[in-house]
Amino acid sequence: MRSLSIFGATGSIGEQTVDLLTRAGGADAYRVVALTGGRNVARLAEMARALRAEVAVCADDAGLPELRERLAGSGVEAAAGTAAIVEAAERPADWVMSSIVGAAGLAPGFRALRHGSTLALANKESLVTAGPLLMAEAARHDARILPVDSEHSAIFQALVGEDIAAVERIILTASGGALRDWPLERLATATVAEALAHPNWSMGQRITIDSASMFNKALEVIETREFFGVDPDRIEVIIHPESLIHSMVGYRDGAVMAHMGAPDMRHSIGYALNWPERSHLPVARLDLAQIGQMTFRAPDLARYPALRLAREVMARRGLAGAAFNAAKEVALDHFLAGAIGFMDMAGVVEDTLTALDPGLGHENDAMTLEDVQAVDHLARTRAGEIARKQAGER
Ligand code: NDP
Ligand code: MG
């Protein structure tokens, strides 16, 4: 029986993974090793019982008594804290879903690679902050990383049977997020609720705001660079409001392979779960005659400064990705708290990158998990100062 773990089981991706596992037979079809959550202890305990997990871990230490109580008599071990999450990743599993949100997802995914597990990677922050490190670790242990982000799953699928050397360009599609049709001058006033009204995809709160600002696409451009090893100038972004083409690969003979499907993350999760086979998945089928048309437009960089910043990060490489992601997370926290405006987020990230610049010229091959965590910490402190200053000036 195949064994598996889910890090971030209580989130949007985690829940959809659990949904697919449950439909495929749950605990009768898979041996579930570890399930982890953050604060939602009740849901974590419920899924751990249903899937008969060996261990359930919540990130929040304060949740342990409740988790223990909810798991009493079930035979599922309970644990709490960040260290316990990494320990859970030390338990071997054939397939590991990495779907914690943010930089907190890096350490458990990194650890899981040591067993030569297949790492289904939704946590794009892992590749943005520590791409060279993660890819080297996977190679060292003969482990495999399968992309779960829909764009990267699409690219991965469009590359099957092809030679990466024949790739001329990779075209990432972007919905443009909730505010894509707003006049530019109104964006500064956008509220959290307005930025959360995503037109096509139902996702966690943080990534939904990141879609509206295109910080999500910025992360994905860097993720593409790290995962597929292509040159940054071969990576393009196009706005495709219908979100039916999930990304494209252009080859040197002019052919473009596009991956299409309904905007449902269970496709890419299921593809990673069943790979290299394809199994039936409960996603809607496209009715092209009914859809009628698809549209595309070039992204306006004044509206989406995050895309320009991604280019700078790729030019610097090394630990710039860790600083970029950490500053982005802090800026997002301040926006969610109502302290800074929607368009201020890019300013906080840019100023943090500038402030930290001299410290980021780290050699890629010398990068360690500790280096990444140190830069992450430094950037969070700096971004916090910058964001508080911004908030004071409002
Ligand atoms: P959610 O916010 O819905 O879920 C995040 C998960 O991580 C939850 O289980 C949460 O626990 C847990 N968590 C939060 N903070 C911590 C922490 N500090 N330590 C440990 N666990 C924590 O996020 P999504 O599912 O939307 O996204 C997960 C990842 O997948 C992100 O990297 C995102 O970019 C990526 N992704 C998501 C897509 C989507 O459609 N949602 C699409 C493509 C990529 P709890 O809820 O119990 O507090
Ligand atoms: Mg995506």
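I count a polar contact as a pair of N or O atoms within 3.5 Å; within protein, one must be able to donate a hydrogen and the other to accept it, and residues adjacent in sequence count only if both atoms are side-chain atoms. This is a predicted model, so I kept its cut-offs in mind: local features need pLDDT of at least 70, side-chain atom pairs count only at pLDDT 80 or more, and totals for chains, interfaces and linings use all residues. Residues are numbered from 1 along each chain as its sequence is written, chains are lettered from A and ligands numbered from 1 in the order written, and side-chain values use heavy atoms, with hydrogens and water left out.

**Ligand.** One of its oxygen atoms is 3.0 Å from a polar backbone atom of G11. For G38 I noted 2.8 Å between an oxygen of ligand 1 and a polar backbone atom.

Next I checked the neighbours (a heavy atom within 4 Å). There are 25 residues around ligand 1, and T10, S12, G38, R39 and E125 are the closest.

**Domains.** I found three: domain 1 (2–147), domain 2 (150–307) and domain 3 (317–394); the bounds come from an automatic or database domain assignment. Where does ligand 1 lie? Domain 1 and domain 2 both give residues to its shell, so ligand 1 lies between them.

The C-alpha centres of domain 1 and domain 2 are 25 Å apart. Their contact (heavy atoms within 4.5 Å) takes 25 residues from domain 1 and 25 residues from domain 2.
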